[in-house]
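Colleague: Could you walk me through this one while I have it open? I will jump around a bit.

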Amino acid sequence: MEVTSSEVVSNRLTSPGAGRRLRARIGEHLFSKWYLYLAVLLLCLGIGVYKATGVQKTYVSAGTINVASATFLSDLTNVNVPSFGYQTPAQKTANDINQRLGTDEFASKVAEAAGATGATATDPNVLAAIRRGVLVYTGGASIVRIAATTGNGELSQQLANAVISTYTDYVVDVETADSTAAAAFYQDRLKADQATLDDAKAAVNEFLESHPQPAIGARPDTEAIQLKSLTDATDKAQQAVDDDNDKIQQADLATAQSKADINQRLTVVDQPQAPIAPQPIRKDQAMTVVIFLAVGIIVALTFLLVVSLMDRTIRSSLDLSDLPGLSIAAVIPALQSNQTRVKLIGPTIAGELPKGQAS
Amino acid sequence: MTSANAERNAARRRSGDGHARPLAIAQEPAKNLPTAEGVIVPSPLLQQLPRGLANAFHRLVGQRNVDGATPLPGRVGVVSSLHGNGVSTVARALAITLTCDLDSTVCIVDISKPSGSPKGRSTEPAIGLADVLAGDASLAEALHASADDRLQMIAAGAGDADTLGSVLRSRQFVAVLDELERQFDYVVIDAPPVLQTPDALAALRHVEGYFLVARHGKTPVDEVRTTTSQLEPLPCLGVILNRYSTRIPKRFQRIFAP
């Protein structure tokens, strides 16, 4: 019956004396092929050193914003206050910024706000660099810190500012979307109603020019009725225009209230400053080397373990434990090269011990 | 010497204990061993054995030669799974040790390779088993003495692998083995590798037990399993682990010892 490698390994791990046998094989392979494992270790260490020397100086600029759950203005008005659920305002805001940064649209706006123009603002590499370089985290229930890391101090400051301003704009856009849409709607209606009013007024003027007031006495009844009808239409159109203007004012007021509320809820406590010195890199370099060294050790040990498990050769009597009735009768040590050159005395069996130990 | 050996063999077998006389060299020096002022000089064959090799076989033969232990049979095969495990070295070291430690007469039947094969040893005697079976030479002519006349050898003889195979399958080969067993205390057959040539099975049918030579760190367990299963029901007298070496430093050997 064909025995697969996995079955062999499984048998080796479960058979009696498997631990001692594996330990012995590990020892043999470790000390006989030590240079292989050392090479793996040195290779990983070399990669780690190479990576560590490539660690660039970075500049970090961080800004802090305070996130309030409600404002006095929101208490006075009927401005919608966002729901934070079981999260603190800071957690909700930090999560929101991180999620927004995952979208290309938001990241592109951040790039534009940071100074990128044209195709650069939508370059995937630039967007990826922004996502890598921006770290948003909470500093309490209402404090959110936004740190930007780049290879340039000013750029870090611009990036941190860009994230804050873009997020604020985003919140304003979202929360004033309804009122802005309403204002636009009534603006359109106002144009139509104004046209109606203008037409009505023109009709009244035309009628008055064609039917002037008599010098003596009142207008005839038919004219009076006709004029009243035109005047009523004018009044009705004027009423519609006034309503439109009123709605537009209400929408603009709601927008202004929302903006004021957002500006109070999201206040920049610390503006991002341009860093004057780069971040210390020795720790990063040391960490890189240590990580690669650990990886090298793990790879070498795994390699050693696999080689030991796959080794199916006979090395001791334990290896014959799976073969009932067999035992080691004698163990012949490997001979030195000068010992194997034995010339037996005798005329006819000369050279019967071969030069090596092989037949 | 031939008749004396035959009588001694017969006596040994009649006695039933199967044990040869231990340490015969110390008690009764062989007649061809040189002595100087009463000091017994060990066999020159034994002197030429490397210490590690000699010690391993002193131990093996000694363990088999104590009361209660199963003695070595008269016809012993030495075999391996594949070429390169050191079967010939082991067979000859076993024969030398049997000769010297037990003061026995031993004949090595070297059929591991035909003399005419490319791998055949150029130093081997020209007349061999094939010549005896072909009637071209007598058994006495094919037997070649060593530096110690208690140890003799018969080679495969001229011919290729096919010739050797037909020799090993012939009835005359059995008759020659029987004759050798009558003349010598032990007949050690240096057999070809079991998994590479079918000749080994033909040769080993006529032995009473065999040693399986495995190379430390080279011979897989599966090869040993296959070899022993092919040689069943012939009893395996033990596995001889050849070329044992460890690179584990002494200070770590307690940790990694099997």
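Colleague: Where is A:Ile143 found?
Modeller: A:Ile143 belongs to strand S3 of chain A, where strands (E, at least two residues) and helices (H or I, at least four residues) are DSSP runs, numbered from the N terminus. This is a predicted model, in which local features need pLDDT of at least 70 and side-chain atom pairs count only at pLDDT 80 or more, while totals for chains, interfaces and linings use all residues. Residues are numbered from 1 along each chain as its sequence is written, chains are lettered from A and ligands numbered from 1 in the order in which they are written, and side-chain values use heavy atoms, with hydrogens and water left out.

Colleague: And what is A:Ile143 in contact with, leaving aside its neighbours within four places in sequence?
Modeller: With those neighbours left aside, A:Ile143 is in contact (heavy atoms within 4.5 Å) with A:Thr64, A:Ile65, A:Asn66, A:Ala90, A:Tyr137 and A:Thr138. The C-alpha atoms of A:Ile143 and A:Leu266 are separated by 9.9 Å, and these two residues are 123 residues apart along the chain.

Colleague: Switching to H7(A), which residues are buried there?
Modeller: In helix H7 of chain A, residues 124-133, the buried residues are A:Leu127, A:Ile130 and A:Gly133; buried means under 20% relative accessible area, exposed over 50%, and partly exposed in between, with a 1.4 Å probe and protein chains only. Those three cover an arc of only 135° around the axis, which puts them on the same side of H7(A), the arc being that of the directions from the helix axis to the C-beta atoms.

Colleague: What covers them, and what does the face turned away carry?
Modeller: The cover over the buried residues of H7(A) includes helices H5, H6 and H8 together with strands S2 and S3, which belong to chain A. The face turned away from the buried side carries the exposed residues A:Pro124, A:Asn125 and A:Arg132.

Colleague: Now the open sheet of 8 strands, what order does it have?
Modeller: The order is S5(A)-S9(B)-S8(B)-S3(B)-S7(B)-S4(B)-S6(B)-S5(B), with mixed pairing; two strands pair if DSSP finds at least two bridges between them.

Colleague: In which sense do S3 and S8 of chain B pair?
Modeller: Strands S3 (residues 75-80) and S8 (residues 209-215) of chain B pair in the parallel sense over 5 bridges, and the bridge partner of B:Gly77 in S8(B) is B:Tyr210.

Colleague: On to charges, how many salt bridges does the structure hold?
Modeller: There are 21 salt bridges over all chains, each being a side-chain nitrogen of Lys or Arg within 4 Å of a carboxyl oxygen of Asp or Glu. One of them joins the side chains of A:Arg21 and A:Asp319 (4.0 Å, N to O). A:Arg21 lies in helix H2 of chain A and A:Asp319 in the loop between H11 and S5 of chain A, so the pair ties together parts that are 298 residues apart in sequence.

Colleague: Are A:Arg21 and A:Asp319 buried or exposed?
Modeller: Both A:Arg21 and A:Asp319 are buried, and a network of salt bridges links A:Arg21, A:Arg25, A:Asp311, A:Arg315 and A:Asp319.

Colleague: What about B:Asp178 and B:Arg75?
Modeller: Their side chains meet in a salt bridge (2.1 Å, N to O). B:Asp178 counts as partly exposed at 30% relative accessibility, whereas B:Arg75 counts as buried at 8%.
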